[in-house]
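Visitor: Please show me the chain and take me through some of its side chains, one question at a time.

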Amino acid sequence: MTPTIAQPALPADWRDLVALTKPRVMSLVVFTGLCGLLAAPVQLPLVLGFTAILCIALGAGAAGALNQWYEADLDALMRRTANRPLPAKRMDRQTALHFGVGLSVFSVVLMDLATNHLAAVLLAVSILFYVLVYTVWLKRRTAQNIVIGGAAGAFPPLIGWVAATGQIDLLPALLFAIIFLWTPPHFWALSLFVRSDYAAAKVPMLPVVAGIRNTRLQILLYSVSVVVAAILPFALGLTGPIYGISAAVLNIVFIILAAAVFANRAEDPAGMKPERRLFAFSILYLFGLFAALVVDRWVI
């Protein structure tokens with residue numbers, strides 16, 4: 001009988017390296033980081049501003065690569081992630097590890113040289129938080145993985161602001177809070193209609209361990225907290241009417257969609273149209289809210 005020989009991973013090309021960085025996730029990270037930079041009262045020279053945003057993008061890509069390096073076994077068990085470079089055997093894990101570590105170090109060092117020490121420290125903390133706290137510690141252990149781990153994705157506007165000003169102020173802290181509170185309803189809406197994937201991989205996402213009904217309740221509660229956090233910049237006089245009106249409209253739609261999710265009784269993914277609508281709108285919500293902030297700061 002001829003012994004079976006394990007096939008080595010195929011050589012990775014540039015598209016697989018790009019896929020490691022999670023470009024869809026990176027686009028939102030870059031946008032919120034850019035908004036934090038543009039909303040700051042101090043404007044960096046164009047070259048330094050571009051470099052700061054590049055560093056945020058590279059840092060986010062590094063975190064995504066290290067996440068996929070560590071979670072290659074989980075990704076292989078879920079349909080929506082099975083075609084990623086590592087589970088699809090288009091790349092070996094060592095390449096992903098070296099790529100992720102190299103991008104991490106480069107992005108932090110470049111941020112430090114181009115802007116200031118505090119921005120570089122925050123960038124390093126965001127990468128380490130996503131990789132060590134969320135990916136390694138929380139994701140496989142607790143249904144609160146997204147709640148706590150959401151802090152990693154909330155850093156970009158804070159980093160952008162600090163890159164320009166060198167200090168942390170109330171407005172960027174509120175922007176951090178908005179994304180932190182937005183993350184659970186955004187991801188729980190997704191996890192409801194792909195919960196079979198998480199169950200197959202034994203990832204303790206909230207719908208898997210607490211049930212569909214409880215998850216819908218938590219989505220509604222966190223949506224209310226997002227609305228409150230989004231109103232605060234205007235209520236505290238940190239922004240003008242353009243942001244205030246935009247936030248009000250976006251918040252009304254967000255709450256209506258979250259309420260529709262709570263009212264939904266379907267347990268089959270085919271019947272989870274409210275969840276899909278909330279997930280899709282939540283992305284537009286964050287883009288719209290932060291875009292309104294920048295317009296408000298530049299026009300008023």
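Visitor: Which residues does asparagine 116 touch, not counting residues up to four places away in sequence?
Guide: This is a predicted model, in which local features need pLDDT of at least 70, side-chain atom pairs count only at pLDDT 80 or more, and totals for chains, interfaces and linings use all residues. Residues are numbered from 1 along each chain as its sequence is written, and side-chain values use heavy atoms, with hydrogens and water left out. A contact means heavy atoms within 4.5 Å. With residues up to four places away in sequence left aside, asparagine 116 touches Met111, Val162, Ala163 and Gly166.

Visitor: Where is asparagine 116 found?
Guide: Helices here are DSSP runs (H or I, at least four residues), numbered from the N terminus. Asparagine 116 is found in the loop between helix H5 (93–114) and helix H6 (117–138).

Visitor: Is asparagine 116 buried or exposed?
Guide: Buried means under 20% relative accessible area, exposed over 50%, and partly exposed in between (1.4 Å probe, protein chains only). Asparagine 116 has a relative accessible area of 17%, so the residue is buried.

Visitor: Which backbone oxygen does the side chain of asparagine 116 reach?
Guide: A polar contact is a pair of N or O atoms within 3.5 Å; within protein, one must be able to donate a hydrogen and the other to accept it, and residues adjacent in sequence count only if both atoms are side-chain atoms. The side chain of asparagine 116 reaches the backbone nitrogen of leucine 118 at 3.3 Å. At 2.9 Å, that side chain also reaches the backbone oxygen of valine 162.

Visitor: How many salt bridges does the structure hold?
Guide: Side chains of opposite charge can pair when their charged atoms come close. A salt bridge is a side-chain nitrogen of Lys or Arg within 4 Å of a carboxyl oxygen of Asp or Glu. By that rule the structure holds 6 salt bridges.

Visitor: Why does the pair of glutamate 71 and lysine 139 tie together parts of the chain, and how many residues apart are they in sequence?
Guide: The side chains of glutamate 71 and lysine 139 meet in a salt bridge at 3.1 Å, N to O. Glutamate 71 lies in the loop between helix H3 (46–70) and helix H4 (72–77), and lysine 139 in the loop between H6 and helix H7 (145–149), so the pair ties together parts that are 68 residues apart in sequence.

Visitor: Is glutamate 71 buried or exposed?
Guide: The relative accessible area of glutamate 71 is 1%. With its 1%, glutamate 71 is buried.

Visitor: Is arginine 79 buried or exposed?
Guide: The side chains of arginine 79 and aspartate 197 meet in a salt bridge at 3.4 Å, N to O. Arginine 79 is in the loop between H4 and H5 and aspartate 197 is in helix H10 (residues 195–200), 118 residues apart. Aspartate 197 has a relative accessible area of 6% and is buried. Arginine 79, at 67% relative accessibility, counts as exposed.

Visitor: With which residue does arginine 216 meet in a salt bridge?
Guide: Arginine 216 is in helix H12, and its partner is in helix H14, 59 residues apart. Both residues of the pair are buried. At 2.7 Å, N to O, the side chain of arginine 216 meets that of glutamate 275.

Visitor: How many aromatic pairs are there?
Guide: Rings of Phe, Tyr and Trp (its six-membered ring) pair if their centres lie within 6.5 Å; planes under 30 degrees apart count as stacked, over 60 as edge-to-face and the rest as tilted. The count by this rule is 10 aromatic pairs.

Visitor: Why is the pair of tryptophan 188 and tyrosine 222 classed as it is?
Guide: Tryptophan 188 and tyrosine 222 are both buried. Their ring centres are 5.4 Å apart and their planes at 80°, so the pair is edge-to-face.

Visitor: Which arginine lies over the face of phenylalanine 193?
Guide: A charge sits over a ring if NZ of Lys or CZ of Arg is within 6 Å of the ring centre and within 35 degrees of the ring normal. Phenylalanine 193 counts as buried, at 12% relative accessibility. At 4.3 Å from the ring centre of phenylalanine 193 lies arginine 276.

Visitor: What is the mean pLDDT of the chain?
Guide: pLDDT is the predictor's confidence in each residue, from 0 to 100. In the chain, 96% of residues reach 70 or more, and the mean pLDDT is 93.

Conventions:
Helix = DSSP H or I, 4+ residues; strand = E, 2+ residues; numbered from the N terminus.
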